[in-house]
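Open the model in your viewer and get ready to select residues by number.

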Amino acid sequence: MSVLPELRYPTVTEQLSAARALTALRPGVCTLRQVGASRAGRPLHLLSVGRARHAVLVVAGAHANEPTGSCTLLALARRVLEQRELRDGISWHFLLCADPDGASLHVTPAPRSLYDYHLGFFRPAGPEQPEWAPSVLPPDRLPPETRALTGVIDELRPYLQVTLHGTDLGGSWVQLTKDVPGLAEPFAKSAAELHIPVETGASDAAGWPASGPGVHVMPAPGIGPAYPSLPDDARHSTWYHAHRYGGLTAVVEVPMWASDLVDDPAPHPAPAAAIAQLAIRLQRDALEVTRVLEGALPRLAGLDGPLLRAARWGLELVPGLASDLVHTPPADRTRAYVGSVDAFARRVPLRAAAMLLRVLRGTDEGAAKQLEALVSIWSDAFAERFRARWVPLEHQVEHQSRTVVAAALHARERAS
């Protein structure tokens, strides 16, 4: 079946067109329907393959700046159709894009470098992210994308929800809301075959127990977060919604650019001191962006678009995050973890600068030039420090697909 667009990051329109083509080819097996609409009125579509009671829900596009999942979702749908054994007792359901509004603002046609990637960067503020909104907003203020996603979970009651995420630069890892015994081995094997490093000390999973290298299991609700100042908590996100039906969520992360620095389990000689230095750099870089923003405020009067809100939200996180890095003992003492924190501390001001640059172009060219220089310098320094190497898109997609299939089969055994 040749229904996928050429292997590149598809737009939401191309993704929907491919899903319609799959449904037309196998109308007895596939259904495609609208399950909600975004804040701007863009439709949210669910592609279903099979009708078995035991359901797997795959979600793409929860973060606009992580485009690999949109391609993986289509590849997975085709794989499930072609391999009948994957439908043996399992129905598969694919939410094409959880945040179509965000996808319309992030532009990654064919990034050749981290600088290219950041020129079209967009990631919403936390309260506007469909999966994270429940961790920072009361139920009556949840965005419609979140309500659509939780509505699908309520309807399907999946034994497994998989949400397809990614990182710009680093390695691959999995976050589980409950352990899936047996998953670590196929995950590691796939990463090794495709030359993708495993991010063994992912800062996103700091302090979480691991069931294998790069496979992190979310700690119990009573255990405090590694970064207390951050307003969101994964244990209050939509990832936990499947638990009310006995299910679990797997978050599968894959990098666009790989770095072996995040796959080094050797002990760091002085992790606390190294992280304290990263906190100083984080504050310094964020201050540079804040100064540009403050100088441009007269030209921004009356503006409150999603790019500006997201840039401000990121900058507002910096003081608390820097304090966490200095005053909280390292959750992990490996070189891999320090490398992951290094990458995290680079991303926050870089992303704020990139989004603010897009806001100020055509509004304040002087400020825009300052930000463009920062985005260029910081992107190049990020790539150089981590010895970034591009992961072919077909490898990103294949690794993510293999991991999803392995999670579905192993979690099915657990649910039986």
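Select Thr146 and Pro130 together. A polar atom of the Thr146 side chain lies 2.6 Å from the backbone oxygen of Pro130. Keep in mind that this model is predicted.

Stay with Thr146. This residue belongs to helix 6, which covers residues 144-156. Is Thr146 buried or exposed? Its relative accessibility is 0%, so Thr146 counts as buried. Now show what surrounds it. Leaving out residues up to four places away in sequence, Thr146 touches Gln129, Pro130, Ala133, Pro134 and Thr238.

Next, select Gly120. Look for it in the loop that runs between helix 4 (114-119) and helix 5 (133-136). Gly120 has a relative accessible area of 8%. The cut-off for buried is under 20%, so Gly120 is buried. Which residues does Gly120 touch, not counting those up to four places away in sequence? They are Leu105, His106, Val107 and Arg358. Glu365 is 245 residues from Gly120 along the chain, and their C-alpha atoms are separated by 17 Å.

Last stop: a pair of helices. Select residues 12-25 for helix 1 and residues 68-82 for helix 2. Their axes come within 10 Å and cross at roughly 5 degrees. Angles under 35 degrees count as roughly parallel, so helix 1 is roughly parallel to helix 2. Show the side chains in the contact. Helix 1 brings Gln15, Ala18, Ala19 and Leu22. Helix 2 brings Ser70, Leu73, Leu74, Ala77, Arg78 and Leu81. Color them by type: seven are nonpolar, two polar and one charged.

Notes
Residues are numbered from 1 along each chain as its sequence is written. This is a predicted model: local features need pLDDT of at least 70, side-chain atom pairs count only at pLDDT 80 or more; totals for chains, interfaces and linings use all residues. Side-chain values use heavy atoms; hydrogens and water are left out. Helices (H or I, at least four residues) and strands (E, at least two) are DSSP runs, numbered from the N terminus. Buried means under 20% relative accessible area, exposed over 50%, partly exposed in between (1.4 Å probe, protein chains only). Contact means heavy atoms within 4.5 Å. A polar contact is a pair of N or O atoms within 3.5 Å; within protein, one must be able to donate a hydrogen and the other to accept it, and residues adjacent in sequence count only if both atoms are side-chain atoms. Axes are lines fitted to C-alpha atoms, for helices over the stretch in contact, and angles run from 0 to 180 degrees between N-to-C directions. Angles under 35 degrees count as roughly parallel, over 145 as roughly antiparallel, 65 to 115 as roughly perpendicular and the rest as oblique. Ala, Val, Leu, Ile, Met, Phe, Trp, Tyr, Cys and Pro count as nonpolar, Asp, Glu, Lys and Arg as charged, and the others, Gly among them, as polar.
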